[in-house]
Amino acid sequence: MKFILRILMLVSVSVSASAGGHPNAGWVSVGPESAGVCDYASIQEAIDAVVMATESIHVVAGTYNETLTIEDISVEIVGGYADCAFAEEDIRTEGSRSTLDAVDHGISIHAAPVGDAQNVSITGFNVMNGESAFPLSGGGINATGNVTVFLQDSRVAENEGTAGGGIFVGSLTTLFIQNTLIEENNAHSGGGVYCDGCTLVMNGDSGISDNRAVDGPVESSGGGLYLLNEATASVLSGSINPSVDKFGFHSNQASDFGAGIYMSNSELFMYGDVTAFGFGSYTEPVSITGNSAGVSGGGLYATNGSVIDATVIDMRNNNTGDSGAAIFIEDGSSLTIDMKTGESALESCWSADKTKCNRISNNYIANGSETDGQGGAIRSLNSEVRLEHVWFENNSASEGKGAVIRHQGKFGQGLWIENSVMYENGTANGQDESIIRSNFSDVNMRFNTLVDNSMSNHIVELIGTAGDDLNLYNNIIHNENGGEVLALAAVGGVPNITVGCVLVHDESTIPAVATGVFVGDPNFYDREAGDLHLTSNSHQAVDKCIAAPGMVTVDVDLEDRIHDVSGMGNDLSIGIVDIGADEFSGNDIDLDIIFADGFE
């Protein structure tokens with residue numbers, strides 16, 4: 001329901017913004033004398049003259065040294081016209097822009113908190129060199145009150161502020177970002193965008209990249225985006241090549257927490273697929289890449305009961321100094337990453353390799369050996385983490401705990417991992433203590449494949465107490481170079497432990513209560529290349545298990561999970577489900593897939 005509401009909001013915002021404030025009139029033009037005969041020489045003059053007979057303001061391309069104030073009116077401002085004649089005829093070259101080179105702050109948009117809602121649409125502008133001073137936040141754009149702001153085909157760059165270097169958005173305000181870059185802005189918090197109780201939608205070829213949150217009086221967080229006070233953000237933008245496109249959240253920095261995104265008591269929806277209303281993309285994921293935080297949450301930091309719901313995402317090359325290189329989540333927050341397995345699920349995947357529709361890879365803790373780094377990909381503290389259909393590769397805690405996941409504390413469903421793959425995680429010298437480590441929480445691991453990960457102790461280490469449920473069912477945990485598979489420890493009471501239908505390289509650490517333990521080679525299609533599909537030679541894995549109650553009904557490739565291959569398996573009499581993330585279809589030829597990793 002939340003998803004549908006967000007999409008309906010998307011539609012209503014785009015329609016109201018693009019219509020302009022006053023639909024029953026024409027427009028006025030703005031430009032210098034050299035551009036011909038325009039109605040006004042400055043943008044602010046045109047704004048001050050807005051009446052019910054004015055629908056929009058057309059601005060000739062060029063540089064305007066102004067600070068704009070839009071106070072309790074609806075207006076559409078379009079930049080990038082070649083001259084006054086083209087502005088008067090509304091003939092604009094697609095992609096062209098006008099530049100607001102601010103003399104103070106950039107654009108201040110304010111509407112009364114009660115009464116009729118206002119709509120402000122800004123298209124085709126560079127907003128640059130703004131600097132906010134108390135009491136105004138947002139160096140480039142400040143938007144507050146009951147107003148919807150539609151920012152399209154624009155760039156907000158090289159601005160500075162205390163809260164929101166590029167943009168500050170207050171409560172009651174909706175900001176819709178379409179085909180717009182917010183980059184190279186600086187602030188104490190929210191280098192790119194600071195959203196205090198606002199509603200934010202980011203769509204199309206949009207990005208929040210190369211922004212910085214630094215030098216705050218207490219802390220500096222949210223290099224790209226800062227959400228707080230029940231803010232809601234819906235992100236549908238990203239790129240398979242963000243270092244070139246700068247779409248999504250790329251290369252942001254924060255001295256402390258959440259270099260890409262910082263959120264407190266807020267909601268974040270990241271959907272990299274095409275929705276029923278036509279938003280999103282079939283070819284690009286939501287991407288959070290190359291972000292760097294001094295302490296925690298290189299890609300994303302969530303606290304104070306925040307909610308994250310994500311599908312079709314790419315999180316890679318993020319780093320932090322202490323914990324949660326890709327994601328840090330704490331304090332009763334919840335994280336869900338999965339596939340929305342409806343009719344269009346297969347088309348929704350941006351990658352030709354369907355196992356990697358959600359990818360978290362190459363994230364690392366920069367100095368884990370010094371800081372006792374925790375969670376090379378995800379660090380969770382007293383929160384709920386649910387992961388389905390996620391590919392983890394080359395993540396490292398740099399000699400810390402949990403090369404992929406470090407989870408601690410009981411909240412909600414605890415740690416739930418299903419239909420996921422962890423491949424070649426950990427430091428090259430094998431000094432990450434574990435790949436997954438969880439303390440004092442419910443843990444459910446089902447239908448996962450953990451292969452060739454590097455660690456110094458156990459691959460999976462679970463510590464529980466009385467009342468904790470530790471369930472491992474239908475997992476392949478296999479290292480060619482050996483190593484201890486599993487550590488289960490009880491502190492202050494005995495947890496409920498269920499281990500069943502597992503394929504491992506060594507059973508010495510599997511508890512005696514386990515059932516259906518298989519030892520041997522999974523015989524993957526191309527293990528060295530990272531193709532971990534089962535084949536007709538995977539006799540130790542095919543048709544070994546019974547269906548688990550409530551299990552996801554598709555495998556890591558979004559194919560039917562329950563598939564009986566004639567003449568293979570059935571060691572448990574009624575078991576026709578394969579071990580691990582992949583369900584073998586019975587045809588090796590189907591596995592010759594085209595990888596989409598050339599952009600690594």
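## Rings and charges in a predicted model

Let's start with phenylalanine 518, which is found in strand 50 (residues 515-519). Helices (H or I, at least four residues) and strands (E, at least two) are DSSP runs, numbered from the N terminus. Keep in mind that this is a predicted model: local features need pLDDT of at least 70, side-chain atom pairs count only at pLDDT 80 or more, and totals for chains, interfaces and linings use all residues. Residues are numbered from 1 along each chain as its sequence is written, and side-chain values use heavy atoms, with hydrogens and water left out.

**Phenylalanine 518**

- Phenylalanine 518 has a relative accessible area of 12%, so it is buried; buried means under 20%, exposed over 50% and partly exposed in between (1.4 Å probe, protein chains only).
- Phenylalanine 518 and glutamine 540 sit 22 residues apart in sequence, and their C-alpha atoms are 6.7 Å apart in space.

**Aromatic pairs**

- Searching the whole structure turns up 10 aromatic pairs. Rings of Phe, Tyr and Trp (its six-membered ring) pair if their centres lie within 6.5 Å; planes under 30 degrees apart count as stacked, over 60 as edge-to-face and the rest as tilted.
- Take phenylalanine 168 and tyrosine 194: their ring centres are 5.6 Å apart and their planes are at 20°, so the pair is stacked. This pair links distant parts of the chain, with phenylalanine 168 in strand 14 (residues 167-169) and tyrosine 194 in strand 18 (residues 193-196), 26 residues apart.
- Phenylalanine 168 is buried at a relative accessible area of 12%, and tyrosine 194 is buried at 13%.
- Tyrosine 194 also forms a stacked pair with tyrosine 226, at 4.8 Å centre to centre and 5° between the planes. Tyrosine 194 is in strand 18 and tyrosine 226 in strand 22 (residues 225-228), so this pair ties together parts that are 32 residues apart in sequence.
- Tyrosine 194 and tyrosine 226 are both buried.
- Zooming out, ring pairs link Phe168, Tyr194, Tyr226, Phe257, Tyr262, Tyr301 and Phe328 into a cluster.

**Salt bridges**

- The count comes to 15 salt bridges, where a salt bridge is a side-chain nitrogen of Lys or Arg within 4 Å of a carboxyl oxygen of Asp or Glu.
- One of them joins the side chains of lysine 246 and aspartate 210, at 3.4 Å from N to O. Lysine 246 lies in the loop between helix 4 (242-245) and strand 24 (248-250), and aspartate 210 in the loop between strand 20 (207-209) and strand 21 (212-213), so the pair ties together parts that are 36 residues apart in sequence.
- Lysine 246 is partly exposed at 21% relative accessibility, and aspartate 210 is partly exposed at 23%.
- Aspartate 314 and arginine 316 form a salt bridge too, with their closest N and O atoms 2.6 Å apart. Aspartate 314 is buried at 0% relative accessible area, and arginine 316 is buried at 4%.
- Salt bridges that share partners join Arg155, Glu183, Glu184, Asp210 and Lys246 into one network.
- Glutamate 388 pairs up with arginine 386 in a salt bridge, the closest N and O atoms being 2.9 Å apart. Glutamate 388 counts as buried at 13% relative accessibility.

- Glu424, Glu480, Asp526 and Glu528 form a negative surface patch. Patches are made of residues with over 30% relative accessible area and no salt bridge, and like charges are joined within 9 Å.
- Glutamate 480 is found in the loop between strand 47 (469-478) and strand 48 (484-490), and it counts as exposed at 57% relative accessibility.

Methods:
Patch = residues over 30% accessible without salt bridge, like charges linked within 9 Å, V, L, I, M, F, W, Y side chains within 5 Å. Areas by Shrake-Rupley, 256 points an atom, 1.4 Å probe, with all protein chains shown as cover. Lys, Arg positive; Asp, Glu negative; His and termini not counted. Charge placed at Lys NZ, Arg CZ, Asp CG, Glu CD.
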